[in-house]
Amino acid sequence: IVGGETTAVEAHPWYAAVLRQKHGRLGLHCGGSLISPCWVLTAAHCIPDGSKTNMSAFSIILGRNRLHEENPAVEQQFSVEQIFVHEGYGKYLEFDDDIALMKLKAKDGQCAKRSNFVNTICLPPPQQFVPAGTLCEIVGFGDEKEGAAVNPEHLKEAQVNIFPDDMCAGPGFYGKRISEKMFCAGRLDWSRDSCQGDSGGPLACEVGSRFFQFGIVSWGDGCARSLRPGVYTKVSKYNQWIEEKTGLITSGVL
Ligand code: 4AZ
């Protein structure tokens, strides 16, 4: 997260740190969000080799405030037993359908347990979206500036505005690289953005004192560059896909 501030996971208890073993070391790979006790939503581009990925390389940590400090009293760690990567990911357009699901492996019959540090986020009803200009939050342990060598030790959040679709897909912005299933968010002073390591994490907006996940951190040209806002997967285009894969239903109202 570029700009913004250090936060506590208690304020975003649905945030999931997606770690992956690489060259023998377990490190931050992506973000994700807890949408039900056993399911984490993330980005397709967070799953190397798609459905053929080595699931045992992943580790999901819920309730973590510091990247390199275990806190067994409050955090809950899981391995992954199933992964679904969207069938359309990158098929016709780079980063289109950038959405994936990871199923947590239950420990003595249970996955995530609700606490002050761990809770689920609501999915928006099908096709529902927030008006352009709405201020929403992004959260993660990703880079604090483009090309940073190290991740922040403390979880960060930033508030970003939803941009009008015609602006995001307009000349001078991303043009034809934006599909109907993506949206942009950022600040008009380009001071706050998601960045490498935040991918897969949630963009959440408060509607009637509940947080709904409207976006998944997907891509962008660099981080916090002018005229280059962060691009997010539009979650409310995928209710049916999520239901198909998980059996969860999200037909409520905001
Ligand atoms: C990345 O490399 C990445 N500014 C994530 C988000 C953005 C750009 C790049 C958006 O994972």
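Is histidine 86 buried or exposed, and at what relative accessibility? At 15% relative accessibility, histidine 86 counts as buried, where buried means under 20% relative accessible area, exposed over 50% and partly exposed in between (1.4 Å probe, protein chains only). The views below come from a predicted model, in which local features need pLDDT of at least 70, side-chain atom pairs count only at pLDDT 80 or more, and totals for chains, interfaces and linings use all residues. Residues are numbered from 1 along each chain as its sequence is written, and side-chain values use heavy atoms, with hydrogens and water left out.

**View A. Surroundings of histidine 86.** Histidine 86 sits in the loop between strand 7 and strand 8; helices (H or I, at least four residues) and strands (E, at least two) are DSSP runs, numbered from the N terminus. Leaving aside residues up to four places away in sequence, histidine 86 touches Asp97, Ile99, Tyr238 and Trp241, contact meaning heavy atoms within 4.5 Å. A polar side-chain atom of histidine 86 is 2.9 Å from the backbone nitrogen of glycine 88. Such a polar contact is a pair of N or O atoms within 3.5 Å; within protein, one must be able to donate a hydrogen and the other to accept it, and residues adjacent in sequence count only if both atoms are side-chain atoms.

**View B. The two sides of helix 2.** In helix 2 (residues 239–246), Asn239, Trp241, Ile242 and Thr246 are buried. Seen down the helix axis, these buried residues fall within an arc of 165°, so they line one face of helix 2; the arc is that of the directions from the helix axis to the C-beta atoms. Gln240 and Glu244 are exposed on the other side of helix 2. The buried residues pack against strand 3 (25–36), strand 4 (39–42), strand 7 (80–85) and strand 8 (100–104).

View C. Asp193, Ser194, Cys195, Gln196, Ser199, Val217, Trp219, Gly220, Gly222, Cys223 and Gly230 surround the ligand, each with a heavy atom within 4 Å of it. The shell divides into 4 nonpolar, 6 polar and 1 charged residues; Ala, Val, Leu, Ile, Met, Phe, Trp, Tyr, Cys and Pro count as nonpolar, Asp, Glu, Lys and Arg as charged, and the others, Gly among them, as polar. A nitrogen atom of the ligand lies 2.8 Å from a polar side-chain atom of aspartate 193. Of the 310 Å² of accessible area that the ligand has on its own, the protein covers 85% (Shrake-Rupley method, 1.4 Å probe).

**View D. Serine 179 in its loop.** Serine 179 lies in the loop between helix 1 (165–168) and strand 11 (182–186) and is buried, with a relative accessible area of 14%. Its side chain reaches the backbone nitrogen of lysine 181 at 3.0 Å. Not counting residues up to four places away in sequence, serine 179 touches Leu93 and Asp96.

View E. Glutamine 127, although not a glycine, has a positive phi of about 65°. This residue belongs to the loop between strand 8 and strand 9 (135–140) and counts as exposed at 55% relative accessibility. Leucine 227 has a positive phi near 65° and is found in the loop between strand 13 (210–219) and strand 14 (230–234). With a relative accessible area of 38%, leucine 227 is partly exposed.
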